[in-house]
Amino acid sequence: MKKIDLGSATWTFQEPQTQAWLSAQVPGCIHTDLRRHELIPDPFYGRNELDLQWIENRDWHYRCDFEVDADLLAEDEIELVFEGLDTVVTARLNGVTILVSDNMFHRHRVAVKPGLRAGSNRLEFYFSSVMDYLKTQRADFKVEESNDPVGGRYRVRKQQCQFGWDWGPRFVTAGVWRPARLEAWSGNRLDTARLTQVHAANGSVSLLIEPSLAHTDAQARYAVTVSLDGHRIVEARAVLAEELRFEIENPQLWWPAGQGEQPLYSVRLELLDASNETIDAWQARIGLRTIVLDQADDGIARGAAESNGRFGLRVNGRLIFSKGANWIPAHSFVAGLSRADYEPLLRDARAAHMNTIRLWGGGIYEHDAFYDVCDELGLLVWHDHMFACCLYPADKSFLTSVQREVSDQVTRIRHHASLALWCGENEVIMLNRKALLADPLRQQEYLKLFLGAIPQALAAVDPLTPYLHSSPALPLPGEHTQTRLASHDAHDWEVWHSRKPVEHYESTRHRFVSEFGMQSYPSLPVAQSFCPPEQLDVASPTFQNHQKNQGGNGTILDYTLRLYRLQPAYGDLAYLSQLNQAYCMKMAVEHFRRNQPYTLGALYWQLNDCWPVASWSSIEYGGRWKALHYAARRFFAPALVSARHLGSETTTIGNYPANTKAHVELWTSYDAPEARSAQLHWSLQDLSGEVLREGSMPLCLQPLESVLQTTLDFSAEVERCGRDQVVLRLRLLDGDALLSENTLFFAAPRLLDLRSSQVEASVQPAGPGCWNVQLSSRHFVHALSLEFASEGIRQSDNAFDLYPGEARVVRVSAASPESNQIPEWVLRSANPS
Ligand code: BMA
């Protein structure tokens with residue numbers, strides 16, 4: 001097999017006005033090519049997005065010349081392989097059309113031998129405007145839309161959030177977005193292989209390998225090796241007529257993060273010719289594991305209103321609580337994203353004790369590196385197919401295109417250890433219930449696509465991974481199915497979209513919550529990266545452009561001011577909005593975890609951003625952790641101590657405060673696989689650190705168990721000192737190891753008597769590019785953070801409560817170990833400055 005990577009050929013594109021051919025990148029897209037030539041300004045800066053919409057209305061031409069020698073031409077077969085073309089495209093080789101495509105998610109292999117010549121060959125792509133395509137294709141299919149301001153995205157198979165989303169800009173791209181290459185071979189070619197693991201009850205594991213060849217050949221000969229950490233476990237030769245099934249000796253199971261290790265086996269399959277020479281090879285990295293979506297009746301529903309069936313992932317027979325977040329594309333321009341784009345985000349997910357990532361259906365079937373990193377880190381992937389929020393057509397050509405897309409993409413992804421679940425769509429039923437009920441045609445289309453075409457195509461290539469038609473898995477339109485409702489996930493947007501109080505979460509009994517979220521503003525340094533200084537105000541035109549949720553500003557401010565006092569300077573306001581977001585998600589997750597094992601999953605919306613924007617993310621564009629991500633590391637920790645008020649804090653007619661908070665439940669939640677003993681300490685303190693009452697208790701944490709450890713009555717203390725003067729400090733320890741810590745207030749932080757924070761800080765060098773920052777204060781400081789002006793800083797903690805008289809050390813590492821001075825920083829907290 002001879003391969004020529006066409007990414008390294010010299011590519012050019014044509015900018016229509018100038019007719020000049022300019023250098024281009026493959027993989028790449030028109031926006032990044034135009035930007036590299038400075039023909040457009042930074043698309044993320046200011047309101048530039050608005051001025052760049054013309055790009056989607058043009059056609060774009062790309063071409064490259066590549067050399068072919070006589071040796072290559074002598075091979076029997078020569079094919080051009082395109083892993084992804086975005087989107088409405090005609091490809092020509094030496095002036096002859098070789099391919100027409102209109103699905104960004106198709107993979108292409110085109111036989112081109114007759115059209116090639118020795119010497120220079122020209123490959124051209126004509127990308128037609130998707131907007132022109134939408135004018136003619138399925139033009140009579142029109143449905144309600146809430147994310148695409150122009151409309152029609154559902155009529156083309158292309159990354160849906162490119163058309164605009166409630167956290168993302170509209171940049172409708174075009175280009176060769178995944179690798180392109182030439183392959184030349186003789187005899188036969190190993191196209192792919194299907195790997196099936198058979199896990200027996202006695203723990204033994206065997207691996208069935210089913211190769212697919214370009215030309216069927218019952219006599220084909222193979223060499224198979226399976227290795228772990230460089231050691232060969234299986235080494236065999238076989239012909240296809242024999243079944244390729246191998247026993248894996250002493251199998252090392254792959255586990256999600258927090259449940260065990262992630263051993264990855266390399267499986268290599270070589271196709272041999274008659275003289276035992278390797279003519280082609282295929283390889284994959286797998287983890288030995290079983291994953292099922294467990295929806296069995298667990299008998300713990302309370303009454304008829306609750307679901308009988310659980311909803312949880314069972315890995316290697318062990319039920320786990322899925323902790324994680326929703327993933328959107330890592331960048332607005334997804335062409336050619338690599339491990340360097342994915343690894344930091346996914347490492348940060350794992351660092352926050354996540355074990356599950358939901359790959360949301362408005363984005364893309366990710367690049368290989370995404371799944372590789374998830375395999376390595378033990379992050380289970382809940383994988384939507386790429387359909388989100390609106391109804392979709394189901395005409396014959398659409399269904400055929402989708403089936404091929406599923407087959408192409410699933411074949412590429414199916415062997416990954418991390419792949420846990422396929423889901424048909426995101427919120428199509430949830431947001432279109434009325435339309436589906438009103439129109440039988442729409443129902444038919446829904447059924448054809450999500451219960452017909454997709455699962456059929458899946459069954460042919462990946463019959464093992466579970467399939468769910470929808471998230472949330474609501475009953476199908478028109479169905480009266482108590483049983484289907486019995487086990488399902490939920491998207492709980494009562495907080496945020498419906499503006500319910502955050503206490504709403506505590507009234508829920510979800511089986512699995514695959515979306516819930518709260519927006520916050522980007523931190524000051526990120527805002528400064530896109531916003532001219534005179535527009536650094538959340539109501540400015542620039543900010544309006546970087547807040548994609550209609551009414552989003554009002555909602556952020558509403559929730560933030562329920563908790564905090566108004567601080568109008570942008571940096572302060574952004575920080576408080578991030579604290580509010582962290583608090584809301586903490587309230588939710590602590591409740592969901594207290595409810596385990598009735599509840600078996602909490603995936604907040606959303607992990608990351610694709611550009612700098614006000615959004616629900618916990619990691620900002622550029623990689624900074626918002627307060628939420630630090631909070632997530634606390635609320636997703638394997639052992640969690642949390643507290644719950646039995647009283648409430650509201651206002652009466654006339655806006656008079658009414659606060660009955662005094663009785664507190666203390667809970668532990670635990671999801672590591674081994675039982676662990678621990679000590680629970682609690683102490684009620686005033687804001688100067690004086691302990692009013694304290695106690696401790698030994699306890700034993702059991703896997704997947706949440707326990708109400710005790711209920712405490714602080715009526716006397718809050719009566720005597722005032723609810724604005726006390727905090728309850730909780731710590732869960734195993735010997736000296738701090739497993740979890742938490743703080744509970746008896747009134748909203750804006751009502752607390754917090755003092756202006758006179759925090760003392762001292763900096764000590766702690767190695768190359770590393771410092772220890774020691775922080776202390778004489779008064780209680782709520783949510784203290786170091787905010788660095790530059791990017792790429794790592795710090796051991798942030799947004800933590802600082803107790804009086806107790807020094808806290810934050811380890812800071814600069815982006816480069818060469819830095820000899822700690823980068824510039826400011827302190828932020830919820831205390832008055
Ligand atoms: C969810 C998602 C997205 C959206 C988010 C925030 O329901 O599925 O469509 O971005 O809410 O509104």
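**View 1. Cys389, a buried residue with a positive phi.** Cys389 is tucked away as a buried residue, with a relative accessible area of 8%. Like everything in these views, it comes from a predicted model. Look at the backbone here: phi of Cys389 is near 75°, a positive value in a residue that isn't glycine. You'll find Cys389 in the loop that runs between β27 (380-384) and α7 (396-413).

**View 2. Asn316, another loop residue with a positive phi.** Asn316 sits in the loop between β23 (312-315) and β24 (318-319). Its phi is near 50°, which is positive even though the residue is not glycine. Is Asn316 buried or exposed? Asn316 counts as buried because its relative accessible area is 18%, under the 20% cut-off.

**View 3. A cis peptide bond between Asp86 and Thr87.** Going from Asp86 to Thr87, the peptide bond is cis, and omega is near -5°. Thr87 belongs to the loop between β6 (85-86) and β7 (89-93).

**View 4. A cis peptide bond between Gln596 and Pro597.** Here Gln596 and Pro597 are joined by a cis peptide bond, with omega at about 0°. To find Pro597, check the loop between α15 and β32 (601-604).

**View 5. Helix α15 packing on helix α16.** Helix α15 (residues 570-594) packs against helix α16 (residues 627-635) at an angle of about 20°, and their axes are 8 Å apart. The angle is under 35 degrees, so α15 runs roughly parallel to α16. The crossing of α15 past α16 is right-handed.

**View 6. The residues where α15 and α16 meet.** Which residues in α16 does α15 meet? They are Ala627, Leu628, Ala631 and Phe635. From α15 come Gln578, Leu579, Gln581, Ala582, Met585, Lys586, Val589, Glu590 and Arg593. Sort this contact by class and you get eight nonpolar, two polar and three charged residues.

**View 7. The largest nonpolar core.** This core holds 159 residues. The members that touch the most other members are Trp11, Phe125, Trp327, Leu346, Phe370, Phe516 and Tyr604. Helix α15 turns up again here, giving the most to this core with 13 residues.

**View 8. Trp11 and its contacts.** Zoom in on Trp11, one of the core members with the most contacts to other members. Leaving out residues up to four places away in sequence, Trp11 touches Leu6, Leu22, Ser23, Ala24, Val26, Tyr62, Arg63, Cys64, Leu123 and Phe125.

How values were computed. Residues are numbered from 1 along each chain as its sequence is written. This is a predicted model: local features need pLDDT of at least 70, side-chain atom pairs count only at pLDDT 80 or more; totals for chains, interfaces and linings use all residues. Side-chain values use heavy atoms; hydrogens and water are left out. Axes are lines fitted to C-alpha atoms, for helices over the stretch in contact, and angles run from 0 to 180 degrees between N-to-C directions. Helices (H or I, at least four residues) and strands (E, at least two) are DSSP runs, numbered from the N terminus. Angles under 35 degrees count as roughly parallel, over 145 as roughly antiparallel, 65 to 115 as roughly perpendicular and the rest as oblique. A crossing is left-handed if the near helix is turned anticlockwise from the far one by less than a right angle, and right-handed if clockwise. Contact means heavy atoms within 4.5 Å. Ala, Val, Leu, Ile, Met, Phe, Trp, Tyr, Cys and Pro count as nonpolar, Asp, Glu, Lys and Arg as charged, and the others, Gly among them, as polar. A nonpolar core is a set of buried Ala, Val, Leu, Ile, Met, Phe, Trp, Tyr and Cys residues joined through side-chain atoms within 4.5 Å. Buried means under 20% relative accessible area, exposed over 50%, partly exposed in between (1.4 Å probe, protein chains only).
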